[in-house]
Every structure is written in C-alpha cells, then in structure tokens.
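Hi there,

Here is the structure I promised to pass on to you. Have a look at it first, and then read on for my notes.

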Amino acid sequence: AAAQILLDLGSSEVFPLLRRTLGTRIDAAASLLSLVQASIKQLLAIDDREACALLVEHRGTISVRTVMQSLYGSENRWAHEYLKQLFAKDEVAGHEYNMQMVQLYAEYEPAGLLQILRVSERYPLEDALAVCRQRGLLEEEAYLLGRSGRVNEALTVLLERMRDVQKAVAFAAQYQDPKLWETLVTFALEDTQLVVPLLEQLEALEAQGVGEVGRDSGQPLPPPTATPAHVLRRLPPATPAPRVAALVRRAMDSMELSKSLQKNASLLAEQEAAVKTRIRVRTSKRGRRVVPESRCRACGGAVGQPPLRLRGTAAPGASAAVAKDGIV
C-alpha cells in the first residue's frame, strides 16, 4: 500500500522502499514485483536511472523482454538507459537487443558507441555499419569496416574524410600489411599538412615498439617503408612542411643510435664467441681422470669400452689398461 501511494504521488522515495522490501520480506516480494511490473512506465517517469537500476537488479524475475515490451511506444531514451545498465551488468541477458542498443547509442550517446561496438560482437555488422553511415559516425564506420575485412575502405575513411593521421596510424599498426602502410604514407606525402603529423606518429610508434633498453614491448613495428627515416627520404625537395627540421634531426639521431647499437652488439657477439672458443680449446687439450663407469662427452659411450666401430678389433686388455691407469 505504501509503495502504491508513493507511486501515485510520483515520489522518488518509492525506490528505497521497494529495495528494502524486495530484499528482506519474502512474503511481500511477489506482490511488489507484480506492482513494479505493472508500473514500469510510472517508475521511469519518476526517475529513469533509478527505475532502470531496479529493473536490472531484478532481471531474473522481471524479464528483459517484459521490460522492453512495456517500453514499446514510449520514449526511446528510457530503452537506451535500461539497455545501457543491463549490458553493463549482464550482456548475455540482453542478447536479443544488441542491434537495438547500437541504434539507441547512435541516437542518444554516440560518444559511447565505439566502445559498445568493440566490447559486444552480437550485432549484425552490415546493419550496424548502415546505422553509423546514416548518423555520420566516421570513426565507428572505419572500425566496422576493419572488422569486416575491408581495411582499405576503413583507412580511406580515416584519411580522406576524417583527416586524422593519428587514428590512421593506430589502425594500420593493428595489421601486418605493408600495402596498407604504403597507402597511408603515400596519401600523407601528397598533402604537406599531413607529413609532420605522420612523422610524429611513426616516431612515437617506433619508440613504443622498441620500449626500454633490453626489453621488447611486443608492439609490431611498421615495415621499413613506414619508418620516419624512409618517409623523410621520400619527401620531395623544398616541401613547405613546418617543423620538419626537428624531425629530421631526431630521425638522424635515431639512425645513428641504431647503427651504434648494432655495432656494439656485433662486437660483443664476436668477443663472446672468441672466449668460448679459447675455453673449448683449453679444455680439449687437458687430460682428465676417469673411472670405467665414466661417459665420453662426445659420443656418450663408456670410456672403459672401445668405440662401437672398433669393438671386436681392439687389442686384448685395452679396457683394462684404461681402468688401471684411470687417465684418458
């Protein structure tokens, strides 16, 4: 009775009352759940977020389909809020409404759509792509094109329509495709305003891939044709690109550092090989005290026995001589 009165008054105090009662009084739960199920729109009109949170909490008794059917013909923003909270708690429970969620996010919260597309994969790709194109959501369109394997179309969206070199480089870095990188570099070289952003992103990607000294970050590096040094070599003479001089200096320093590291690594490898060779030569020249049960390090045979190829031909008493002297 108290819950019904608060509902009729449109008071937000109905939510804590429902939670307390549904959580503690089993005898009243059935009647209150029936009240909630019959008053979904009233609850949403009072406070849509609180109402959606309550409905999501009790999704086991008030099904997702029941809520969505109750919202048919109502404001779409209520369905958006409900599905948003539902998917945050239990994506599987709302699997029938994945595509509707994509549409609602595109309409009411486009900034959060890309994350939804990445987290959930239960929506039809082509239908989601159509929604993004209709709403003019370019980054989301590029993501869906990439997921469907149309990577060149995705890169075209990022470069030609968004003109976002940072996102284009991040996208290309996900694929081991030299042709994709070549398309990106060629496009940027044809537009001088994109040269510096491209060089900066490639430089950052190169640093990220190398990581700390002695540690591989695991990030796949671009092919040699998509490094700052290679892009600078392809830069047409007298290109009016600002801030190129600083990037040229950093690229040259990076090349010098790389050459120095390679030279030092090669020198260390040579020194290590020489040390191992000297140790092996000294070891092979030394005698060693053995017993008949000892094994040859070269062939694994017992030193008290002749080699397999000589067995049956060795002079009588040879094994005994070894065992007696104890030196090989």
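This is a predicted model: local features need pLDDT of at least 70, side-chain atom pairs count only at pLDDT 80 or more; totals for chains, interfaces and linings use all residues.

H1 itself covers residues 2–9, and its buried residues are Ala3, Leu6 and Leu7. Viewed along the axis of H1, these buried residues fall within an arc of 105 degrees, so they line one face of the helix. On the face turned away from that buried side you will find the exposed residues Asp8 and Leu9.

For the overall picture, the protein chain has 18 helices and zero strands. It has 328 residues, and 35% of them count as buried. Among the contacts with a separation of 6 or more, 55% are between residues 24 or more positions apart. The accessible surface of the chain comes to about 20,100 Å², with 53% of that belonging to carbon and sulfur atoms.

What does Leu198 touch, not counting residues up to four places away in sequence? Its partners are Val165, Val169, Leu184, Val185, Ala188 and Val231.

Is Ala226 buried or exposed? Its relative accessibility is 1%, and because the limit for buried is under 20%, Ala226 counts as buried. Leaving aside neighbours within four places in sequence, Ala226 is in contact with Trp181, Val185 and Leu202. As for Leu202, its C-alpha atom is separated from that of Ala226 by 7.4 Å, with the two residues 24 apart along the chain.

His80 sits in helix H7 and counts as buried, at 7% relative accessibility. Not counting residues up to four places away in sequence, His80 touches Leu104, Tyr105, Tyr108 and Glu109.

At 19% relative accessibility, Ser74 counts as buried. Its side chain and that of Lys41 are joined by a polar contact of 3.4 Å.

On to the charged pairs. How many salt bridges does the structure hold? The count is 15, and here are some of them.

- Glu96 and Arg65: their side chains meet in a salt bridge at 2.8 Å, N to O. Glu96 lies in the loop between H7 and helix H8 (98–108) and Arg65 in helix H6, so the pair ties together parts that are 31 residues apart in sequence. Glu96 is partly exposed, with a relative accessible area of 48%, and Arg65 is partly exposed too, at 45%.
- Arg234 and Glu182: their side chains form a salt bridge at 3.2 Å, N to O. This pair links distant parts of the chain, with Arg234 in helix H16 and Glu182 in helix H14 (residues 178–189), 52 residues apart. Arg234 counts as partly exposed at 29% relative accessibility, and Glu182 counts as partly exposed at 29%.
- Arg77 and Glu75: here the salt bridge between the side chains is 2.5 Å, N to O. Arg77 is partly exposed, with a relative accessible area of 34%, and Glu75 counts as partly exposed at 40%.
- Arg19, Glu50 and Glu57: these residues are linked in a network of salt bridges.

That is what I have for now.

Best wishes

Key. Residues are numbered from 1 along each chain as its sequence is written. Side-chain values use heavy atoms; hydrogens and water are left out. Buried means under 20% relative accessible area, exposed over 50%, partly exposed in between (1.4 Å probe, protein chains only). Helices (H or I, at least four residues) and strands (E, at least two) are DSSP runs, numbered from the N terminus. The arc is that of the directions from the helix axis to the C-beta atoms. Contact means heavy atoms within 4.5 Å. A polar contact is a pair of N or O atoms within 3.5 Å; within protein, one must be able to donate a hydrogen and the other to accept it, and residues adjacent in sequence count only if both atoms are side-chain atoms. Accessible areas come from the Shrake-Rupley method with a 1.4 Å probe; for residues, only the protein chains shown count as cover. A salt bridge is a side-chain nitrogen of Lys or Arg within 4 Å of a carboxyl oxygen of Asp or Glu.
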